[in-house]
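Please look over the sequence and the model below before reading on. The paragraphs that follow go from the overall layout to individual residues and then to the contact between chains.

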Amino acid sequence: MKEIVVISGKGGTGKTSLTASFAVLGGKNLVVGDCDVDADDMHLLLKPDYNVKENFKSGLYAEIIQDKCTACGKCFEVCRFNAVTIENGVYRIDELNCEGCGYCAEVCPEKAIPMIPAAVGSVFKSNIKTGATMIHARLKPGADNSGKLVAKVKQDANAAAVEMGLEMILIDGSPGIGCPVVSSLTGADYVILVTEPTPSGIHDLKRVYELVKKFKIRAGLIINKNDLNSALTEELKKYAESENINVLSLLPYNEDFTKAITAGITAAEFTESEISGFVKDAWVKAKIDIYKEK
Amino acid sequence: MKIAVASGKGGTGKTTLSINLSSYLAENKIFKSLILADLDVEEPNSGLFINGKTVETVEKYKFIPEWNKEKCTNCGLCERVCNFNSVLQFGKTIMILPELCHSCYACSELCPVDALPMKPQRMGEMKLVDASTYTFIESRLDIGQEQAVPLIAQTIEYIDEYSQSSDDMVIIDSPPGTSCPVIEVAKNSDFIILVTEPTPFGLHDLNLAVETMREIGKEFAVVINRWGIGNEDVIKYCEDNKIKIIAKLPNMRKIAEIYSEGRLIYNDVPGFKAELSKVADFLVELKRSSN
C-alpha cells in the first residue's frame, strides 16, 4: 500500500486543484482522502455522495454544574487558559478557551465540573464521480483537535483501501507545519510538494520540507505558475536538486486552472485546455517516482 | 485597535493585503502609529516584503514538566491527571512527551512530592522590526513544534503591552483555516477582515470562516481579491448574508509578477491602490465609531 500526501506549506498554490486532478486520473484504483479539514474543497470537484456520516468526538471540555458549585474559586485559580469566568459571583467555563486539561475538574472539592467529550466535526465516506471512495471531513467551526480529525480521515481511508484491496491512497494535506500537517504526514510513503516561484512559496516550501525530512519521506515537487518568475523557478529547481527532490512538473501560469474550478471540473477533465495535458504528465511522472526503488 | 486579516482558504491574499495596507496606512499617516504583526507563525511571510532593521529578537518558550527521578514515588497521579497522554508511566519510569503537552501544569502542581517541575522549552522566536514608517512584529514557530496557539497567545500579550495607546492601529496577518490558531488571533482582535477570491473554493471557505466568526461572536467584513476571475457568486452570498464587502482587489497577472518579486503592489497598479484606499477609509470609520 502506498500513501501519497499532497502538501504545499503555503496556501493557494494549486494543491487541491492538482490532488483532485490526480484523483480523477487515478480513477477507481485509489482511495481519496481530504485532510485539509479546515478548508475542505476537494468535494467541490469530486462530487461525493455523503453516503456514510460519522460524528467525531475527540478531547474534552469542562462544564460547571451550577447547583453543585459553591463558588470557592479553586477552578479559577488553577486554570492557565483563562477559561474560567466569574460574573456576579457565578463561575462559568468559556468553552472557546477551555483546553480540556481537566485540572479544574480534578481540584473541584464539590465534584461540580464534569469533563464532556467535545464534538470536533463529521467524517464522511462517499462515492465520488469517478466511482472511487473518498473519506472527507468537516471541522466544526472553531473546533480544536483538527489534527485528530486528520488522523481519523487517514485511518478510515486506510481501512477502506484494505477492504477494497486497493494499493494507493491519495491525500490532500493541510497547509502550514503544525499538528494537522504532522498528522497528514504520519505514515505517508511519498509526498508531492506543490509550490510557486514567489518569495513566500519558496519560504514555506523549505519550512514544510524540513518537516518532511524529519519523517524521512521521499518527495517530488511540482512548480506551479513557473513562468511567473523564471529566476525564482531556477532557484526552486536548484533547491530541489540539492535536497534530492525529483521535479515532477513545471506548470504554466494559466487562468484555465481557475476556469476549471469555476466550472466544477478538475484540470485533468478540462481537455480543451493545455492544462489537462500538463497535469496528466505530472501524474505519470509522480507514479513513476512513487514506485521507483529507493 | 486590532484588525485581523484572515481567510478560510489559504493563498487568497492575506499577506498581500496586510503588507500593502500597512505600508499605505503608515505612508499616509492615517493612524498615529501602526503595527503590522505576522501571527501566521507556522508560515510567516509578511517579513519577506519588509526591508527593516531588526530591533529585538526574543526566544519564546512554553513550559513543560521535567521528571525528577530522585523525588518521584511512582504514585501515578501525574499520568492519571494528564488528559493529553503527555505523561506516561512505565513501571518506575515517567516519560514526558513534550509535543503533546498543553502546559496546563496539572501534573506538576498536583504532584505530592514536587517531582515534576515545569521547565522552559523553546517553541519559536519573536522579532521586532523597525520598518521605518511602522513597526513590524513577527513570530515564527520552530519546525517540529506542533502547537501554534501558545506562541500566538504570547505574541498577542506582547503586542498589547507594546501598544498601550488607544490611537495605535494593529494589523494582524493571521493563520489560514478555521481551527485553533486563527481562533486564538480572532478572539483577541476587535474586527476581522476576511479575504476571499471569487471562485467556488474561495466561496466555500469564506462560508466556513463566516460560520466560525459568528460562532465566536466577532464582527467582520470581506475583501475580495483577484476580482475578475471566477464568477460573481460571492457578491450574492455577501448580499444574502448581509456581509459588507469593503473592496475588490483586481485580478491581474502583473500583480502576481510584482508579488513574485517581493515588492509592494499599490505604487505600480493604480486600480489596486484605489481599492486599498477603500480599506483604509473603512478602518478610519471603524476606529471613529469605536471611540
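A residue is called buried here if 20 or more other C-beta atoms lie within 10 Å of its own, exposed if 12 or fewer do, and partly exposed in between, with the C-beta atoms placed from the backbone. This is a predicted model, in which local features need pLDDT of at least 70 and side-chain atom pairs count only at pLDDT 80 or more, whereas totals for chains, interfaces and linings use all residues. Residues are numbered from 1 along each chain as its sequence is written, and chains are lettered from A and ligands numbered from 1 in the order in which they are written.

With that definition in hand, B:Cys104 counts as buried because it has 24 C-beta neighbours inside 10 Å. B:Cys104 lies in the loop between β5 (93-96) and α3 of chain B, where helices (H or I, at least four residues) and strands (E, at least two) are DSSP runs numbered from the N terminus. Which residues is B:Cys104 in contact with, leaving aside its neighbours within four places in sequence? Two residues are in contact if their C-beta atoms, placed from the backbone, lie within 7 Å, and by this criterion the partners of B:Cys104 are A:Arg80, A:Glu99, A:Cys101 and A:Tyr103.

Chain A has 10 helices and 11 strands, and buried residues make up 55% of its 294 residues. Chain B has 9 helices and 11 strands, and 49% of its 291 residues count as buried. The C-alpha trace of chain A spans about 70 × 40 × 40 Å along its principal axes, and for chain B the trace spans about 70 × 40 × 40 Å. Of the contacts in chain B with a separation of 6 or more, 73% are between residues 24 or more positions apart.

In chain B an open sheet of 9 strands with mixed pairing runs in the order β3-β6-β7-β2-β8-β1-β9-β10-β11, two strands being paired if DSSP finds at least two bridges between them. Its edge strands, each pairing on one side only, are β3 (53-65) and β11 (245-250) of chain B, and the twist from one strand to the next averages 20°. Inside this sheet, β1 (residues 2-6) and β9 (residues 191-196) of chain B pair in the parallel sense over 4 bridges, and B:Ile3 has B:Phe191 in β9(B) as its bridge partner. Across β1, β8 (168-173) and β9 of chain B lies α5(B), running at about 155° to β1(B); such angles run from 0 to 180 degrees between N-to-C directions, and axes are lines fitted to C-alpha atoms, for helices over the stretch in contact.

Elsewhere in chain B, α1(B) and α9 (residues 270-290) pack with their axes 10 Å apart at an angle of about 70°. α1(B) is therefore roughly perpendicular to α9(B), a label used for angles of 65 to 115 degrees, while those under 35 count as roughly parallel, those over 145 as roughly antiparallel and the rest as oblique. In this packing, B:Asn20, B:Leu21, B:Tyr24 and B:Leu25 of α1(B) meet B:Leu276, B:Val279 and B:Ala280 of α9(B). B:Ile265, found in the loop between α8 and α9 of chain B, counts as buried because it has 24 C-beta neighbours inside 10 Å. Leaving aside neighbours within four places in sequence, B:Ile265 is in contact with residues including B:Thr16, B:Asn20 and B:Phe272.

In chain A, helix α7 (residues 199-214) has buried residues that include A:Ile202, A:Leu205 and A:Val208, and what covers the buried residues of α7(A) includes α1 (14-27) of chain B as well as β1 (2-7) of chain A.

Finally, the contact between the chains takes 52 residues from chain B and 50 residues from chain A. On the side of chain B that touches chain A, the largest share, 8 residues, comes from α6(B).
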